[in-house]
Amino acid sequence: KAPFQGKNHPNWLGGISFIEYSEKWTYKLKREIRKRDNYKCNICSKKENKRTFGANHVHHVHHIDYNKQNCELENLITLCPSCHTKTNYNRDKWKIFFTYKIEKKLYGCH
């Protein structure tokens, strides 16, 4: 095993990546979230473009609280693949950032 894999990696969070997704985590739900977010990344604002990415390479839907079982609409947000990768670091910062964005989007707060 390489020195920075598994428990030795600085981003290791106790194996939570092996937890299965909720049965509510469906293509329909992800499509609904991407549509709600106008097919735009909520970090860089890049618009999803199926002609560029191909039908199987659309924007991702991210769990704001990083809990794969929590598929409530206010816990899900659209990100481009590049920005989604960034959210694996500084998770507390991203939770605050996305919570603010989603509350503003859904409830007009702030």
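Student: How many salt bridges are there, and by what rule are they counted?

Tutor: A salt bridge is a side-chain nitrogen of Lys or Arg within 4 Å of a carboxyl oxygen of Asp or Glu. By this rule the count is three salt bridges. The model is predicted: local features need pLDDT of at least 70, side-chain atom pairs count only at pLDDT 80 or more, and totals for chains, interfaces and linings use all residues. Residues are numbered from 1 along each chain as its sequence is written, and side-chain values use heavy atoms, with hydrogens and water left out.

Student: Which residue forms a salt bridge with Glu48?

Tutor: Arg34 does, with the closest N and O atoms 2.8 Å apart. Arg34 lies in helix α1 and Glu48 in the loop between α1 and α2 (50-53), so the pair ties together parts that are 14 residues apart in sequence. Helices (H or I, at least four residues) and strands (E, at least two) are DSSP runs, numbered from the N terminus.

Student: Are Arg34 and Glu48 buried or exposed?

Tutor: Buried means under 20% relative accessible area, exposed over 50%, and partly exposed in between (1.4 Å probe, protein chains only). Both Arg34 and Glu48 are buried.

Student: Where do the buried residues of α1 fall, seen down its axis?

Tutor: In helix α1 (residues 27-36), Leu29, Ile33 and Arg34 are buried. Seen down the axis, the buried residues fall within an arc of 135°, so they line one face of the helix. The arc is that of the directions from the helix axis to the C-beta atoms. On the other side of α1, Tyr27, Lys28 and Lys35 are exposed.

Student: What covers the buried residues of α1?

Tutor: Contact means heavy atoms within 4.5 Å. The cover includes β1 (60-63) and β2 (76-79).

Student: How is a pair of aromatic rings described?

Tutor: By the distance of the centres and the angle of the planes. Rings of Phe, Tyr and Trp (its six-membered ring) pair if their centres lie within 6.5 Å; planes under 30 degrees apart count as stacked, over 60 as edge-to-face and the rest as tilted. The structure holds four aromatic pairs. The rings of Tyr21 and Trp25 have centres 5.3 Å apart and planes at 10°, so this pair is stacked. Phe97 and Phe98 form an edge-to-face pair, with 5.4 Å centre to centre and 70° between the planes. Phe97 is partly exposed, at 32% relative accessible area, whereas Phe98 is buried, at 0%. Trp94, Phe97 and Phe98 form one aromatic cluster.

Student: Which ring does the charged end of Lys93 sit over?

Tutor: A charge sits over a ring if NZ of Lys or CZ of Arg is within 6 Å of the ring centre and within 35 degrees of the ring normal. The charged end of Lys93 sits over the ring of Trp94, 4.3 Å from its centre. Lys30 lies over the face of Tyr27, at 4.9 Å from the ring centre.
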